[in-house]
Amino acid sequence: GLEEGAKNQFSTFSNFITTINQKKEGIGNRNSPTQLVLPNIKNGRDLPPLCLDVRQKQRTSIDTLPQELKAPFPPEPSLPIRTKTVKEFQDDVEKSKASGDWKAVHNFYSTTFDSFLEINAAFKKDTNSPFNTIEDSGIDANFVNVVYDALLNTPQDVQKSVLKGIINGLLQEWTGPRTKDDLRAYCILLQNPQFSNTSTYVIYAHLLRQIAALTEADHHFLVHWSKKISQKRFKQVVDRLLQFISLRLFPAKPEEFPPMVKCTWWIPSATKVLALFNAANSLISPPIISYTDFYNSTLDHIDLMEEYHNWQCYGNSHRFSFCQYPFIISIAAKKVIIQRDSEQQMISIARQSLVDKVSRRQKPDMNMLFLNVKVRRTHLVSDSLDELARKKADLKKKLKVTFVGEAGLDMGGLTKEWFLLLIRQIFHPDYGMFTYHKDSHCHWFSSFKCDNYSEFRLVGALMGLAVYNSITLDIRFPPCCYKKLLSPPIVPCDHNTLVGICGVTLDDLFQIMPELAHGLSELLSYEGNVEEDFYSTFQVFQEEFGVIKSYNLKPNGDKIPVTNRNRKEYVQLYVDFLLNKSIYKQFAAFYYGFHSVCASYALLLLRPEEVEILVCGSPELDMSALQRSTQYEGYQKTDLTIRYFWDVVLGFSLDLQKKLLHFATGSDRVPVGGMADLNFKISKSETSTNWLPVAHTCFNQLCLPPYKNKKELKQKLIIGISNAEGFGLE
């Protein structure tokens, strides 16, 4: 935003707008279609809401766009000749600061921003070149940055002259398609730091409206040009757009803005422009900024279910919903949507069961409202498989677990224990369903063929039940698994349609089998003769139960040598074989198991990374937040033992903090809602201080003896968390 001394510099902005209106009258009192809707202007016309779902549109090269989007390049008007260099501009600014005479700087700003042509004349790298490609916007980014960095430190009249010029440009009456110079001007104006100030929001809104209303082909150029903006500037533009949306939803001073009813297009326009930057961010690997930087936490406080239902009812029609742009919705908000959607499905299923009972004149039973799973500890996997297979119709009910022969009532602890024990047993290497890769510390599906893949379906259903019942699982799948799980996010009606197949790359293989991926990477960069030196064909070999089996990566692959020319194809087919084809039946069963519980349109809102966080929790620890939310039994938070405990824990390395969390809760990851959602409790253990701490992972409870000093507590705690068996998967 603006610096402290400049906060009120636009306080007389309404008077300034009056002068702009007079300027507009001088243009000829035209009713331009882009006439500004300002607080003191009546009869502003609203464009229909703009709801293009940029996330779901594939950004391709301009050459592959549909014919109707290939608008011919309009002729570029000749640009004025401006020769000011960065050095000359900086010298002018320094002279103005020293002398107090800002005339030269004022003239530069007022001229440069007076029209789109002048903006191009000042900031285009070469005024004689068209720059009509997506690869190069032709913008002198360094000059733009220098001019904007200096702007906020100039006098108020200089800054007003820039806003006046921007209004002139926005009031221009368009008679045909936009030129590339126009797009360049939009790209430059979006980076203006003045738009962090709420007093400029009326102008900012109209800039966003015009950009949002551009054609798909124009958006295509803006997306590719935006990805060339530096990370710092890119983040600033994104933050300004998010702030604009937040303050329009919840204005600190409502009187600053026109009534919401007169500017319903503000938020849709800003969100659509933000979608262009999200698309640009997705084109880069690694992305310019994290996908979480597009989250707007303000949306956590609106009626999300109304947004969700509007989206379900109207889809991507002209009725705006934030769910059309899920990148802006935080993972916490998405979890709320999924949970409430799950609760509504649970209530609906339970109500139907009750109606069916009553209609058959049978006595209602409370157990009918739950998914009741009864298992024997000695036959945990087989009993769980049988129970879930028998009760397919009840999977969307609230889960309750009973261990046969035990009197415990499931208040949440037995459910968590069931998940932990099942996961521990299923993922054990001796069980053979999954292979643990020590280099990447993750599990992957065994490619061994079998007659029945129902146990893979059970694991998928377990993951679905965990998400559905808000249980965090200690599962170590690579990110690629969650990408496959959303391919597609909604189960297809046609059972012949392939599921769980997604585009995979060498990067995906690196996250599972880094050593093999490194070898393939070396093959790609090998400078010698690949065919003579490697003597490989388009054939791979796998060991299955002691027998070596061969598979062709393509028809007659055993007869096709790998050469320098076709090695890229070989690597891609090899990766696809390992991550898609060789485990198709296993993963398809897993996919259908997960979606048998979690089938919901809410999955369309999620990224693969977000599914992983919902299933396994977040790896980011905040032990201070855990300290604030911890409950005590037998202790007070001011007791000496508790103070020793937190002094020790906060001083632990990240590795030891993770071990503590794993020791106490069964997982070293944090639920979506943060540490507070763990309901962590420290209880006083009346045992001897010679004993080590004890944990009840089903209740996230740590039993701590009253150790006499910090040294003893630290020693016993480290021994306990470092040597406990726990529920580790290795």
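Trainee: Let's begin with Thr198: is it buried or exposed?
Mentor: This is a predicted model, where local features need pLDDT of at least 70, side-chain atom pairs count only at pLDDT 80 or more, and totals for chains, interfaces and linings use all residues. Residues are numbered from 1 along each chain as its sequence is written, and side-chain values use heavy atoms, without hydrogens and water. Buried means under 20% relative accessible area, exposed over 50% and partly exposed in between, with a 1.4 Å probe and protein chains only. Thr198 has a relative accessible area of 19%, so the residue is buried.

Trainee: Which residues is Thr198 in contact with, beyond its neighbours within four places in sequence?
Mentor: Contact means heavy atoms within 4.5 Å. By that test, and with those neighbours left aside, the partners of Thr198 are Leu247, Glu256 and Phe257.

Trainee: Good! How many aromatic pairs does the structure hold?
Mentor: Rings of Phe, Tyr and Trp (its six-membered ring) pair if their centres lie within 6.5 Å; planes under 30 degrees apart are stacked, over 60 edge-to-face and the rest tilted. Counted this way, the number of aromatic pairs is 46.

Trainee: What is the angle between the planes of Tyr109 and Phe113?
Mentor: Their rings form a stacked pair, 6.4 Å centre to centre. Both residues, Tyr109 and Phe113, are buried. The angle between their planes is 15°.

Trainee: And which ring has the charged end of Lys554 over it?
Mentor: A charge sits over a ring if NZ of Lys or CZ of Arg is within 6 Å of the ring centre and within 35 degrees of the ring normal. For Lys554 the distance to the centre is 5.0 Å, and the ring belongs to Phe538.
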